[in-house]
Protein chains: 2
Amino acid sequence: MKSEIIAVGSEMLTPWRQDTNSLYLTEKLNEIGVTVAFKTIVGDRRKDLVNAIRTALGRIDILAIMGGLGPTEDDLTREAVAEALSLTLRREAAQVAALHTRAATWRVPLSSNNLKQADVIQGATLLPNPNGSAPGQWIETNFEGYIKLIFLLPGPPNECRPLFDTECLPRLRAAIPPRSIAKRTLRAAMIPESQADKLLAPIYTTYTDIETTILAHAGDIQLTLLCSKSDIETAQQRVDELAARLEEALGDWLYSSGAYSSDSLEQIVLYYLGLRGATLSVAESCTGGMIAQRITSVAGASRSFVGGAVVYSDALKTSFAGVSADLIAKHGAVSSEVAEALAEGIRLRTGSTLGVGVTGIAGPTGATDSKPLGRVYIGLSDSQKTDSIESTFRGDRDRVRLWTTQQALDLIRRRLM
Amino acid sequence: MKSEIIAVGSEMLTPWRQDTNSLYLTEKLNEIGVTVAFKTIVGDRRKDLVNAIRTALGRIDILAIMGGLGPTEDDLTREAVAEALSLTLRREAAQVAALHTRAATWRVPLSSNNLKQADVIQGATLLPNPNGSAPGQWIETNFEGYIKLIFLLPGPPNECRPLFDTECLPRLRAAIPPRSIAKRTLRAAMIPESQADKLLAPIYTTYTDIETTILAHAGDIQLTLLCSKSDIETAQQRVDELAARLEEALGDWLYSSGAYSSDSLEQIVLYYLGLRGATLSVAESCTGGMIAQRITSVAGASRSFVGGAVVYSDALKTSFAGVSADLIAKHGAVSSEVAEALAEGIRLRTGSTLGVGVTGIAGPTGATDSKPLGRVYIGLSDSQKTDSIESTFRGDRDRVRLWTTQQALDLIRRRLM
């Protein structure tokens, strides 16, 4: 079965915004054996929308169309799908009532425009959207003699994705023949990209029945292995065999490996902290809170992460992490000595098991003769020892900060392993 | 003039890879007055490619097609364009020679497949590609009675983008009537999306000669106004007139307005801090460093931002921000009292002019009978007063945290205004 994903919204035809929902949908569609043959991005013009919908229905079996279900004049997906299929729209009373209830609950005014969201395409089923006011719609219809499955989904990712999972996937599974796809994901940290390829390509290229994809981003490499067979046992066996060989090659660069998705580095760090009964604190200068932010993005982080300090000024390095002004004057704020003092200081101040201290030159200014842009020192302290590493990351401010957080998280992981 | 961008490559129909060249091309096309009406992503299947090309030519004037010009069997763009236009391909001798020279220089073998890259569509001009082996092609042709401009571009960004700049833009400028485009960008914080539309749509929809795009994301709204006229003065006048009316409507929700791009909320907060000679510190609980991270993402933040504390545990709320354990016990860690105490405490501890304190329930757990998921208190303290606001944000952990940082930054901005 072939599918097309249409993302609706003029903002996605600007240089500043890209559709990302389609990546999520593609993964889910692939898992049930549906190929994505086309993706189309179209603006909020009714004529263009109708054109895109008719084009899609002429070349695929399953259409997911995202966006344009909101209450504004620009939201035209319902109207366009109805026009493309020569079907009518009717305003559903129960849905109008639901909109009124929702508006009352959130104490927001309900304009007449808002009621558009209660319009249902002839023959369509409304798909409840607990995260927003616009419900999705699902319609199985005949287009030029062929049966087509069409989903209308809201555009915001936090509405689109759960709605697709709960309402669309079960309907698609029921409608299409089952296939067996085995999957595995491996993740590794801070392995040089060229080395990864040299190490891994000779292995995975010999498994021609497995589709191996490598994604690299800011010190993080993710390998995804997909194998489709008539029986799931054989597919799983093949994928597991390749995964085992890749895991061995990756050695301690590997930090997670899972059947469907694998844990992020933040999750792994928190997992090991929990396992060791350890707690963590951070004192961040150049990363300005980014390490703390990454760790606290994981639900339940508070069990092992106590917090820390953003010691952007030298005064705060002293008052929050107990780094002596003399030490800063002697070695400079960007030095291994200060990184270690930050790590030890924040650990002692917070009473945590582990302390991390980060200082560096994220740029674009601040480089000196002896310390280039991108120079970073990361200190790590526990009751046994305090040490640090020096790194120099290329790229702009964002990139240096991101690589630094990755390096810091990886150091914590390695200490805990 | 309307255009479509087709990105060719099965890898861009996986969950892991996205076309990004189109963002670059869109910006360049907009600058010369060409709208991008559709973007299509299609795999390396000849039939699908021909379908995508014919569809595009049926609905736009200018087609840029990227990828599929390489030497492998999967590279089918030349063949597909020729088929879609019912034109022939011929192998150009000079180009064959160039491929041989290139292979000799780089000492790589030249397979017979490689010679495909010397195939030229009937009537097309080859576009030299100094960064790769596959040249681009440019063809001006009649499709169903209309003149169409078509560019074939290599897929790798380091080949596609310079080739587009040097070879395509001058040809497009020569082929299309010159237009002058005036642009303006406005940004506003924390205005409810439905309210923004109600407030702004009646204004901007009356300016039918201006393309207004609204991007909304986590409490941030960005309006981009584009006006294309034969003379720049008229275009600028129109855009400025609309901008002035929108600015008035937005009132103090508006935080920045600029000719080409406008400053981010972080930049504005730092700008006002600098203007007032003020400094800022933060004590973050539920946002876990995210506010500090956003502020320090701006180069030069250290001039006004001293740092702060990530007070994830109650103990740290006390030791880093001086919040008494009694206060926490009495009102709960998530309370306006604790938010205010955090704000005042961090201001006094760091000696900054302004202090911000944040505490809330980001989820997915932690809600109580009186405090739902998404409940957040943000305290703000200066030498004159300390107060706080209560908000309840919907959505998952990420969303609640992001909205909270936006609300906090906006509060700081309003206090400084």
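Reader: Over how many bridges do strand β1 (residues 2-8) and strand β2 (residues 35-42) of chain B pair?
Author: This is a predicted model, in which local features need pLDDT of at least 70 and side-chain atom pairs count only at pLDDT 80 or more, while totals for chains, interfaces and linings use all residues. Residues are numbered from 1 along each chain as its sequence is written; chains are lettered from A, and ligands numbered from 1, in the order in which they are written. Strands (E, at least two residues) and helices (H or I, at least four) are DSSP runs numbered from the N terminus, and two strands pair if DSSP finds at least two bridges between them. In β1(B) and β2(B), B:I6 stands opposite B:T40, and the strands run parallel over seven bridges.

Reader: Which residue of strand β3 (residues 62-66) of chain B is the bridge partner of B:A7?
Author: β1(B) also pairs with β3(B), in the parallel sense over five bridges. There, B:A7 is bridged to B:M66.

Reader: How many of the residues of β1(B) are buried?
Author: A residue is buried if 20 or more other C-beta atoms, placed from the backbone, lie within 10 Å of its own. By that count β1(B) is mostly covered, and of its seven residues the buried ones number six.

Reader: Why is strand β11 (residues 220-229) of chain B described as largely enclosed, and which strand pairs with it over 10 bridges?
Author: β11(B) is largely enclosed by the rest of the structure because nine of its 10 residues are buried. An antiparallel partner over eight bridges is β10(B) (residues 210-217), where B:T212 has B:L225 as its bridge partner. Residue B:T224 of β11(B) stands opposite B:T185. The antiparallel partner over 10 bridges covers residues 180-189 of chain B and is β9.

Reader: What is the phi of B:A218 in the turn between β10(B) and β11(B)?
Author: These two strands form a hairpin with two residues between them. B:A218 lies in the turn, and its phi is positive, about 45°.

Reader: Which residue of β14(B) is the bridge partner of A:G308?
Author: Contact between the chains, counted where C-beta atoms placed from the backbone lie within 7 Å, takes 59 residues from chain B and 60 residues from chain A. The partner of A:G308 is B:V310.

Methods
Two residues are in contact if their C-beta atoms, placed from the backbone, lie within 7 Å. A residue is buried if 20 or more other C-beta atoms lie within 10 Å of its own, exposed if 12 or fewer, and partly exposed in between; C-beta atoms are placed from the backbone.
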